[in-house]
Amino acid sequence: MSKLLSKYHAPDQQGNTQNITAESAGWGYVGFQVFELESGQSIDLPASDNEVCLVLVGGFATVTTPSQTFENIGDRMNPFERKKPYAVYVAKGEAIKVVANTQLELAVCTAPGQGNFPTRLITPDNIDAEQRGAGNNQRFVHNILPDYKEADSLLVVEVYTDEGCTSSYPSHKHDQDAEPSETYLEETYYHRLNPAQGFCMQRVYTDDRSLDECMAVYDKDVVQVPKGYHPVATIAGYDSYYLNVMAGPTRKWLFTWEDDHQWINDEQYARKHQ
């Protein structure tokens, strides 16, 4: 099995199902955890040097920090309702308590913080939505914490891709600190499939193929992208959702297309597949 693939495991006593740290991933910025909590269950996350973005993938919760309390937030029980999520940005140095008011699927996204921005609630009204691509390369994006919203390091988005379509495609990469063409951003993909027994395919590869991994990804698995291109392909009968977390030394999403496939962005291709 690829070292880039973190398989889902049943919740432990704290409800944790995924636990990726910068140390376990072998990189410097992104951390990612998932918790599945029963109604009434709670977790405490200690203060650290990281900023945090809590994403309510499904369910309702109360979130408390030393500076803020957000009561009974949430608006969907499952990401495939395709409603925009609720999220909470938590500043560096603040401990967090989360109480599940219903069954809760909670993503905890972390990256180094500088304390420049206060803790705040991110409501669906604060989240932009956009359609990208054409034909069998269409996907729908919720920009939870894009580079034009306030944070020190974190970038967080969620993406819906219908059965039989590709996503994160044409292949692109962001593994070089080379502005204005590209920025170095590590990335995780938290995958959900509908129906849940499905799978999708994700490939992570570099131009020289020193890294070239192709993975069958099942519901609630995580793919880690330290470098290279990273397209996703869905399978007939199964819709895909994934939550992306990115971070690096510069908080800009600048990327480079793979030359061989960039033509799929052309207007001629889009018109042909309208």
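Modeller: Strand β17 runs antiparallel to strand β22 (residues 239–247), and nine bridges join them. This is a predicted model, in which local features need pLDDT of at least 70, side-chain atom pairs count only at pLDDT 80 or more, and totals for chains, interfaces and linings use all residues. Residues are numbered from 1 along each chain as its sequence is written, and side-chain values use heavy atoms, with hydrogens and water left out.

Colleague: What makes β17 and β20 a pair?

Modeller: Two strands pair if DSSP finds at least two bridges between them; strands are DSSP runs of E, at least two residues, numbered from the N terminus. Four bridges join β17 to β20 (residues 222–225), so they pair, and they run antiparallel. Gln-224 in β20 is the bridge partner of Thr-188.

Colleague: Which residue of β22 stands opposite His-191?

Modeller: Tyr-242.

Colleague: Why is β17 called largely enclosed?

Modeller: Because eight of its nine residues (186–194) are buried. Buried means under 20% relative accessible area, exposed over 50%, and partly exposed in between, with a 1.4 Å probe and protein chains only.

Colleague: Why is Cys-109 called buried?

Modeller: Its relative accessible area is 0%, which is under the 20% limit, so the term applies. Cys-53 is also buried, at 0%.
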